[in-house]
Amino acid sequence: MKKKHSSILRFEGVQTLLASLLCILGGLLIGFIVLLIIEPSGAWEAITSVLESYFRYPSAKLQLKYLGQTLTRTAPLLMCSLSVLFAYKVGMFNIGAAGQYVAGACAALYVGIAFHMPWWVCMLAAILAGALLGAVSGMLKTFCNVNVVISGIMLNWIALYVTNMVLSTEGVKNPMSPYTMQLRGVNPGGLIPQMGLNTLFGNEKSVTIAIPLAIIMAIVVWVILNKTKFGYELKATGYNYHAAKYSGMKENQNIIMTMMIAGALAGMGAALLYLTGIEEWETTISSVPAMGFNGIAVAFLGGLSPIGSILAAYFIQHITMGGGNVDLSVYCAQISSLISSLIIFLCAFVAFFKLAIKNHLRKRDEAAAAAALPKKGGDNA
Amino acid sequence: MILLLQYTLLFASVLLLVALGGCFSERSGVINIGLEGIMVIGALGGALVMKFLPAEMGAPMMITATILASALAGMLYSLLLAVAAINFKADQTITGTAMNMLATAGATVAVKAMNTAASGGSDVSSDIIYTRARDMFIVRFGNFEFNWFMVVALVALLISWVLLYKVKFGLRLRACGEHPQAADSVGINVYKMRYAGVLISGILGGIGGIVYITAGVSSWKFENGVAGFGFLALAVMIFGQWKPFKIALAALLFGFFRALGNVYTGFDFLKNLNLPSGVYNMLPYIISLIVLALTSKSSLAPKAEGIPYDKGSR
Amino acid sequence: MEQYAVEMLHITKRFPGIIANDDITLQLKKGEIHALLGENGAGKSTLMSVLFGLYTPEEGEIRMDGQAVKIRNPNDANARGIGMVHQHFKLVECFTVLDNIIMGVEPTNKLGFLQKKHAREKVLAMSEKYGLHVNPDALISDITVGMQQRTEILKMLYRENDILIFDEPTAVLTPQEIDELMQIMKNLAAEGKSILFISHKLNEIMAVADRCSVLRKGKYIGTVEIKNTTKAELSRMMVGRDVKFAVDKEEAKPADVVMDVQHMTVASKQHDNDAVRDVSFQVRRGEIVCIAGIDGNGQSELVFGVTGLEPLKSGKITMCGQDITKAPIRKRSTSGMSHIPEDRHKHGLVLDYTLEDNMVLQRYFEPQFTNGIGFLKRGAIHAYAEKLIDQYDVRSGQGAVTVARSMSGGNQQKAIIAREIDKDPELLVAVQPTRGLDVGAIEYIHQQIVAQRDAGKAVLLVSLELDEVMNVSDRILVMYEGEIVGEFDPKKVTVEELGLYMAGAKREGVAQ
């Protein structure tokens, strides 16, 4: 093989990036068309306000403050996407991340509000709750052959109703509203420490070490997947279950372990949001929070790489925040979720797109090879 | 008691329709996780017709128009899956998941835009109200509200059975889900059959959507989607082993548990248990998990489902 | 002028980098059985794909009954009466025989409802006429491979095809079923059907064909009348040199017992009967014990039981004195068992991993490749892979970092063999190690296996190829329906004798 025709397209990373950018562009374009259909005159204004997000605010201080809020909400999204991509490496589609996230929220808030525990205990509880739910999915898969997608979805709803019940108990729910008590009021020690980070973001209260924690977790996931024996085994199991078994890996144990870790990541994500005090749980909520599902979008948009996920999570959160900027008397904020779901839909085509690039490159190689070499019958197998 | 029967039959009708839809798609070889989304879009199509058609046109016309609109909306929406999964060989799970999110977001944006425009900005809800039209679907026998959708579900069941087992279309469709190379080798166009399977699932899923949102209420908030009913239908389909009549029995069972959540306050002994309503809401999901855990060991799923068909690889 | 049913004249089909068919001419007479002989990769399947319209040739033309025709797709081919029994049957397992036969040409009434009664009668009449006995109402999953093949033949006959192509039809059959198939083919030819018989088994070609065309490396070598030729000549035409049928090896010097299997029973995944029933045997240092038998008589399950992929129902396995009956796969591997699996894509390789990652699939956890806290030593893995690639001549596009999927079958197999042999095992379990490989690769692999024996290892070889069984092994155990029905010395037994045992016609009480 000669590698004369080295082209920037040959790098896997470049292909992924290109594909992701195309998905984003496609999503925005269709979103824009939808806006045009609703009301053409303000459409451009609306789409730019979604994209500009917090840059719309007049002062640098406000911009920083809202950047801080965006980052605070990026952290849990990143965690959910890590959960999805980690499971995906072992061949499991963790749609249950949404429920694991809900379970994490339940555990973190309950331990924080009812028992006045310090933040790290709450976070641990969230991690455990998420891991538990993940493990249930994993065990249903390995012992009963239940499709992880189906069990994940059922568990999402079960987690939602259980959480609503648990967090509606006396002393946890605010008697005046459908929301849980404010952590800041009942147990300030349950809040993740800021360690001065908030001063960088216009004193936005919600900015805590949750943000660097999430990034550290992304790096940890990357290291586990790419540098360790455990990662080697997990990926082998995902690519070829039978070969993993053949080589003596404990394939079923690995699947359960993976789902537990995936669950733990999503559960921790919930802790990273609710333990910042940025919002409370609404106990009458009747649909599973979108965070986990958006995690799927982020994982695929980030090319299933933990590092790519950091960027993708920020982007999705950025436009989600931006959705609130549109003129609500004409458009609605859900235009952002429309755009993100369009992006995931387009992500489904990424594999096809990459294949097209590869085929194109191969054809070029072959044409070049055919031109360079005299014809000869090769040994094909 | 009559109320329980009525809701059981209604929810069973929804589950039956949607699960049959899933059955057609999977029998042709395409996993349809996007049924939830198809239901939302079908419901939207039907609800719009019910809201905007004049009530004077009479019940038969209204019923026909509503069902046609839902079926059409669901079918068009299922094209997204068909194109992605069949032509582009996209991952069917991702595609389906995206469709579910897209449907709720899209329906919300659409309804909100409509309400906002109609009210000049004062009504920004995602609700559609269809009280008058809904009444046309209902015939009262004493306390029992008979709903024409129950007949629709029954007819769909019979047609599905005939289509799958009694005509050549079914033989070919099933072959595509089991062994597409074999089907191709005798001149059956696998892509076409899979399109047919997915589009039929769109039609049935769409009708299921309108039945669901009109089952107990006269208005629907589209932000809420269809609360996981599409997924319950998938569980019904698996439990029913991809066979129409078994699916019907499974739908009745699941419909019963779902109906309990609506009417348990009518039973003194249940009311006296003093369980929070969440328990009843969870019931269908818990039951389906247990049922799946007990029945999934030996899968009867079509062998080639989920695997994109590539003419080249034989 | 001779009457030809099909003529493929001067067909040339190029793929980037290779010419798969180089000016090939094949003429099939009406009512003859015409063999197409060639090794793997000789261009047989490309030529058939051209005939079925899957590929368009750059040069050449196809004529039927003397008229030039264009065949654009398999439907065109079917419409012109060309039918094929594929090597891997195209049958829907959960359908009945009848449904499979009528699929694609279903008889319906005016309303579109299936009318199977008449079709059923027609099928029954045909099976009577040609001796193709099979129950039209049985499910494909319930009938034998031989019956499945008859279903495929009935499929062609039901469509009234006149040109029948059999692609390696005997690979999966018992000797008795092969005889029956030969008779069926003769009956069909006598009824005026023209048959193209693709094979690389000389005995069968000699037994049934009228003429034989030979391809080698994409080129047309020639066509001969069977009655004027010999096996030796055909095989020379096929490989381009005299084939060395024997493997050079010295007398075996069996030493102490490495593996001792006692009364092993393994359940079947397919049916309720046990796949392996009460099997006992031993393998010693310095000998190659071969399990022979027709595909599907429990050999795979026997290997699963020995290697730990499936649990035993009963029985005991001892390796080097240790009881490993319940030992997990990893334990067996680290205590000296190597396993070249039957299916290299399913078990042997993680196709999406690089070659180097596949090279350490059995040893990645060893301290030389993983440090104390669980991090992989990438450098060491790479160096080790480079060493094996060099030593075993594994060829790939980008060396150690090539993705395994993109490698050729022969090199994938070489990689597995390198990995398993380099583990320096006490016992080497090799299951059909040469399946689907060309002559050169087969010779190489046989040499490696014999070398292992000579180095004092115990070798358990499972093979479906009688040539391999006879030439490589030191002791032969024949399996039939899950039991060992005979033990033989390859120097003292004939192939015919083995065949009788493999087909269940004879059996003996096996001495330990």
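Trainee: Which residues are linked with Lys112(B) in a network of salt bridges?

Mentor: Side chains of opposite charge can pair when their charged atoms come close. A salt bridge here is a side-chain nitrogen of Lys or Arg within 4 Å of a carboxyl oxygen of Asp or Glu. By that rule Lys112(B), Asp127(B), Lys221(B) and Glu223(B) form a network. This is a predicted model, in which local features need pLDDT of at least 70 and side-chain atom pairs count only at pLDDT 80 or more, while totals for chains, interfaces and linings use all residues. Side-chain values use heavy atoms, without hydrogens and water, residues are numbered from 1 along each chain as its sequence is written, and chains are lettered from A and ligands numbered from 1 in the order in which they are written.

Trainee: How many salt bridges are there over all chains?

Mentor: The search of the whole structure finds 49. One of them joins Glu160(C) to Lys122(C), with the closest N and O atoms 3.5 Å apart. Glu160(C) lies in the loop between helix H5 and strand E7 of chain C and Lys122(C) in helix H4 of chain C, so the pair ties together parts 38 residues apart in sequence. Helices (H or I, at least four residues) and strands (E, at least two) are DSSP runs, numbered from the N terminus.

Trainee: Is Glu160(C) buried or exposed?

Mentor: Buried means under 20% relative accessible area, exposed over 50%, and partly exposed in between (1.4 Å probe, protein chains only). Glu160(C), at 54%, counts as exposed, whereas Lys122(C), at 26%, counts as partly exposed.

Trainee: Why is strand E13 of chain C described as largely enclosed?

Mentor: Because 5 of its 5 residues, 288-292, are buried. Ile288(C), Cys290(C) and Ala292(C) point one way, and Val289(C) and Ile291(C) the other.

Trainee: Which strands pair with E13(C)?

Mentor: Two strands pair if DSSP finds at least two bridges between them. E13(C) runs parallel to strand E18 of chain C, joined by 5 bridges, with Val459(C) as the partner of Ile288(C). E13(C) also pairs in the parallel sense with strand E19 of chain C over 4 bridges, where Ile291(C) stands opposite Leu477(C).
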